[in-house]
Amino acid sequence: MRSEQPDVLAMFGGVWETADRRIDGTWYRYPAPTLDQAITAGWIRMIDTARAESVQPVILTTPYFRREALDGSRTPDTEPDRIRHLNDLLRTVGAQTGTPVIETNAFLSKDGGFTASLDGRRVRA
C-alpha cells in the first residue's frame with residue numbers, strides 16, 4: 001500500500017475463507033467457530049493495517065462462485081451456505097470496525113446462486 005498510496009482498499013473474500021482448513025494440526029470443516037475466529041481476526045488485521053496507512057477499507061461481500069472437481073461436481077468450498085455464512089461474518093466485521101460493506105453478492109447473484117451473466121453480459125467465467 002505504501003508504494004501505491006491508494007485512497008480506498010476494496011477487500012473481498014473467496015475460496016480461502018470458505019475452504020475446510022487445518023489450524024494447529026486440527027482439521028475444521030467450514031463453518032466452525034474456530035475458523036470464524038481466525039477469519040474475523042484476519043479481516044480485522046487487514047482493516048487495521050489499511051487504516052494505519054491512511055487508507056479507507058471497504059468490504060465487498062462475496063458473490064456465489066463455482067469451482068468444479070475433476071468429475072464436474074461442485075467443490076464443497078463453493079456451497080451457497082458457506083458463502084452466506086462468510087458474508088454474515090463480513091457484515092459483522094464491518095459493523096464491529098465501522099467499515100463500509102458493499103453488497104456485491106446481491107448485485108452479482110441476483111437469483112440467489114451462481115450466475116455467469118447479468119442482463120445478457122458475461123460477468124464471470
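In this predicted model, Met11 of the protein chain has Ile59 in S4 as its bridge partner. Strand S1 and strand S4, the latter covering residues 56–60, run parallel and are joined by five bridges.

## The sheet

These two strands belong to an open sheet of three strands, whose order is S1-S4-S5 and whose pairing is parallel. The edge strands are S1 (8–12) and S5 (101–102), each of which pairs on one side only. Strand S4 also runs parallel to S5, to which two bridges join it. On this side, Leu60 has Ile102 in S5 as its bridge partner.

How many of the five residues of S4 are buried? Four of them are, and the strand is thus described as mostly covered. As background, the side chains of a regular strand alternate between the two faces of the sheet.

Helix H3 lies across S4 and S5, and runs at about 155° to S4.

The two helices also pack against each other. Helix H2 spans residues 33–52 and helix H3 spans residues 80–97. Their axes are 10 Å apart and the angle between them is about 45°.

Sorted by class, the contact has eight nonpolar, four polar and two charged residues.

## The chain as a whole

The protein chain contains four helices and seven strands. Read along the sequence, these elements follow the pattern β-α-β-β-α-β-α-β-α-β-β. Of the 125 residues of the chain, 38% count as buried. Among contacts in the chain with a separation of 6 or more, 62% are between residues 24 or more positions apart.

## Residues in the loops

Is Tyr64 buried or exposed? The cut-off for a buried residue is a relative accessible area under 20%. Tyr64 has a relative accessibility of 6% and therefore counts as buried. Phe65 is likewise buried, because its relative accessible area is 17%.

Each of these two residues can also be related to a residue elsewhere along the chain. Tyr64 and Leu108 are 44 residues apart along the chain, and their C-alpha atoms are separated by 7.9 Å. Phe65 and Val15 are 50 residues apart along the chain, with a separation of 8.7 Å between their C-alpha atoms.

Asp24 lies in the loop between strand S2 (21–23) and S3, while Ser54 lies in the loop between H2 and S4. A residue is called exposed if its relative accessible area is over 50%. Asp24 is exposed because its value is 79%, and Ser54 is exposed because its value is 67%.

| Residue | Relative accessible area | Class |
|---|---|---|
| Tyr64 | 6% | buried |
| Phe65 | 17% | buried |
| Asp24 | 79% | exposed |
| Ser54 | 67% | exposed |

## Backbone features

Most residues other than glycine have a negative phi, and most peptide bonds are trans. Against this background, Asp24 has a positive phi of about 50°, although it is not a glycine. Ser54 is not a glycine either, and has a positive phi of about 60°.

Where is Pro31 placed? Pro31 is in the loop between strand S3 (26–28) and H2. The peptide bond that joins Tyr30 and Pro31 is cis, with an omega of about -5°.

Methods: Residues numbered from 1 in each chain as written. Predicted model: local features only at pLDDT ≥ 70, side-chain atom pairs only at ≥ 80, totals over all residues. Heavy atoms only, no water. Axes fitted to C-alpha atoms, helices over the stretch in contact; angles between N-to-C directions. Nonpolar A, V, L, I, M, F, W, Y, C, P; charged D, E, K, R; others polar. Pairing = 2+ DSSP bridges. Contact = heavy atoms within 4.5 Å. Buried < 20%, exposed > 50% of the residue type's maximum accessible area, 1.4 Å probe, protein only.
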